[in-house]
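Notebook open, structure loaded. I want to look up a few side chains, then some strands, then a helix.

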Amino acid sequence: MTALVKGPTEGDLLKFDLEKNYTREAVTLLAGTAYPLGAVLGRITASGKFAMSTATGSNGAQTAAGVLLAPVDATEGDATGVVIARGPAIVSDAELQFDASVDDAPKRAAKIAQLAAIGIVARAAA
């Protein structure tokens with residue numbers, strides 16, 4: 001018998017949001033990436049599209065602006081996803097997924113602080 005393995009779900013990531021109609025937004029995700037649940041995203045200033053929030057840069061995506069609530073495959077073209085874009089909200093920090101450039105604890109802490117600035121709090125025991 002084949003064992004079924006269930007991946008993380010929105011409930012594993014999102015522990016609290018005050019009002020879905022306020023905290024969530026449908027956004028356009030930049031083509032070229034398969035975005036995982038919990039992806040920490042930044043908004044590209046010129047286009048308004050969202051992409052993985054990088055550790056450095058100057059296009060706007062270097063500032064965390066939301067957390068993706070479901071995986072989205074945008075490898076073939078821009079795609080729509082739903083993000084927690086503002087708080088009050090609590091997410092599990094264990095489920096947050098960072099860009100490859102966010103590769104150490106201080107960079108991750110900076111991203112978590114950027115999320116906290118927009119009301120999205122990451123908790124270890126969420």
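This is a predicted model: local features need pLDDT of at least 70, side-chain atom pairs count only at pLDDT 80 or more; totals for chains, interfaces and linings use all residues.

First entry: I looked for a charge over a ring, and found the charged end of R86 sitting over the ring of Y22, 5.3 Å from the ring centre.

Next, R24. R86 turns up again here, as one of the residues in contact with R24. R24 belongs to strand β2, which covers residues 24–29. Is R24 buried or exposed? I read a relative accessible area of 19% for R24, and the cut-off for buried is under 20%, so R24 counts as buried. Leaving aside neighbours within four places in sequence, I noted E10, L14, D17, L69, V82, V83, I84 and R86 as its contacts. Which side chains make polar contacts with the side chain of R24? I found E10 at 3.1 Å, and D17 also at 3.1 Å.

That sent me to D17. I located D17 in strand β1, residues 14–17. Its relative accessibility is 14%, so I put D17 down as buried. With neighbours within four places in sequence set aside, my contact list for D17 reads T23, R24, I84, P88 and A89. I84 is on the R24 list too.

Strands next. How many of the five residues of strand β6 are buried? I got five of the five for β6 (residues 64–68), so this strand is largely enclosed by the rest of the structure. I then looked up what β6 pairs with. Strand β4 (residues 40–43) pairs with β6 in the antiparallel sense, over three bridges; I wrote down A64 in β6 as the bridge partner of G42. β6 also pairs with strand β8 (residues 79–84), again antiparallel, over two bridges. There, V67 has I84 of β8 as its bridge partner.

Last entry, helix α3, residues 105–117. I counted 13 residues and a reach of 18 Å from the first C-alpha to the last, close to the 18 Å expected at 1.5 Å a residue. What sits at the start of α3? I found a side-chain oxygen of D104 reaching to within 3.0 Å of the backbone nitrogen of K107. Past the other end, α3 is followed by G119, and I noted a positive phi for G119, near 90°.

Technical notes: Residues are numbered from 1 along each chain as its sequence is written. Side-chain values use heavy atoms; hydrogens and water are left out. Helices (H or I, at least four residues) and strands (E, at least two) are DSSP runs, numbered from the N terminus. The expected span of a helix is 1.5 Å times one less than its number of residues. A polar contact is a pair of N or O atoms within 3.5 Å; within protein, one must be able to donate a hydrogen and the other to accept it, and residues adjacent in sequence count only if both atoms are side-chain atoms. Buried means under 20% relative accessible area, exposed over 50%, partly exposed in between (1.4 Å probe, protein chains only). Contact means heavy atoms within 4.5 Å. A charge sits over a ring if NZ of Lys or CZ of Arg is within 6 Å of the ring centre and within 35 degrees of the ring normal. Two strands pair if DSSP finds at least two bridges between them.
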